[in-house]
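Here's a quick briefing for anyone meeting this structure for the first time. Have a look at the sequence and the model, then read on.

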Amino acid sequence: AVERTLSIIKPDAVAKNVIGQIYSRFEQAGLKLVAAKMQRLSREQAEGFYAEHRERPFFKDLVDFMTSGPVVVQVLEGENAIALNRDLMGATNPREAAAGTIRADFAQSIDANAVHGSDGPESAAREVAYFFAEEEICAR
Ligand code: CMP
């Protein structure tokens, strides 16, 4: 089915100036950008986005990192977009990410891991709505 998924290019990848290279991976895989924006997340925004991880030991480091510089947030649309984006990203820990994946090629560590992608249909719906109003998403 055609799906939408929420993708974030994290501060490490923005700082490395590889936004375009990451967008190319999405496009070459057949995913379409249907909404996009660059912004610096507030602590409140980052904490709300990652609320499911609030009790995890890495939560403070995660929020510190995600607020350390600008991010680029986008909605990707396409056939099987949620799993396809996860395949393109590779494993959360870049040391475990398969060769040729975004994290293998651009990420440094489990915190500075270049990209976020929704992990399933429910989180995709929640995460897309967290950043974008329906009228900000462009049919194409
Ligand atoms: P992300 O997909 O954005 O979702 C939560 C983030 O927490 C994850 O990517 C990692 O960058 C970060 N993180 C740090 N430590 C861990 C861990 N032990 N397990 C999962 N995620 C972690």
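This is a predicted model: local features need pLDDT of at least 70, side-chain atom pairs count only at pLDDT 80 or more; totals for chains, interfaces and linings use all residues.

Residues are numbered from 1 along each chain as its sequence is written, and side-chain values use heavy atoms, with hydrogens and water left out.

**The ligand and its surroundings**

- The ligand sits in the largest pocket. A pocket here is an open set of points on a 1 Å grid over the protein atoms alone, where a 1.4 Å probe fits, with protein on both sides within 12 Å along at least five of seven lines; a molecule sits in it if more than half of its atoms lie within 2 Å of its grid points.
- Around the ligand you'll find K10, Y50, H53, F58, L62, T92, R103, I110, D111, N113 and H116, each with a heavy atom within 4 Å of it.
- Some of these make polar contacts, meaning pairs of N or O atoms within 3.5 Å. In the side chain of K10, an N or O atom is 2.7 Å from an oxygen atom of the ligand.
- For H116, a polar side-chain atom lies 3.0 Å from a ligand oxygen, and for N113 the distance from a polar side-chain atom to a ligand oxygen is 3.2 Å.
- On its own, the ligand has 450 Å² of accessible area, and the protein covers 79% of that. Accessible areas come from the Shrake-Rupley method with a 1.4 Å probe.

**Two helices with a buried side**

- Helices here are DSSP runs (H or I, at least four residues), strands are runs of E (at least two), and both are numbered from the N terminus. Buried means under 20% relative accessible area, exposed over 50%, and partly exposed in between (1.4 Å probe, protein chains only).
- Helix α2 covers residues 19–28, and I22, Y23 and F26 are its buried residues. Looking down the axis of α2, these fall within an arc of 100°, so they line one face of the helix. The arc is taken from the directions from the helix axis to the C-beta atoms.
- On the other side of α2, E27 and Q28 are exposed.
- Helix α7 (residues 121–131) buries S123, A124, E127, V128 and F131. Their arc around the axis is only 125°, which puts them on the same side of α7.
- Turned away from that buried side, α7 carries the exposed residues P121, E122, A125 and A129.
- Why does this kind of pattern turn up? An α-helix has 3.6 residues a turn, so residues three or four places apart point the same way.

**Backbone spots with positive phi**

- Most residues other than glycine have a negative phi.
- N17, in the loop between α1 (11–15) and α2, has a positive phi near 65°. N17 is exposed, at 67% relative accessible area.
- A114, in the loop between α6 (102–106) and β4 (115–117), has a positive phi near 75°. A114 is buried, at 0% relative accessibility.

- R25 belongs to helix α2 and is partly exposed, at 23% relative accessible area. R25 and I102 are 77 residues apart in sequence, yet 7.9 Å apart in space, C-alpha to C-alpha.
- Q74 is in strand β3 (residues 71–79) and is buried, at 0% relative accessibility. The Q74 side chain reaches the backbone oxygen of V72 at 3.3 Å; within protein, such a contact needs one atom able to donate a hydrogen and the other to accept it, and residues adjacent in sequence count only if both atoms are side-chain atoms.

Methods
On a 1 Å grid over the protein atoms alone, a cavity is a set of points where a 1.4 Å probe fits but cannot get out, and a pocket is an open set with protein on both sides within 12 Å along at least five of seven lines; lining residues have an atom within 4 Å of a point.
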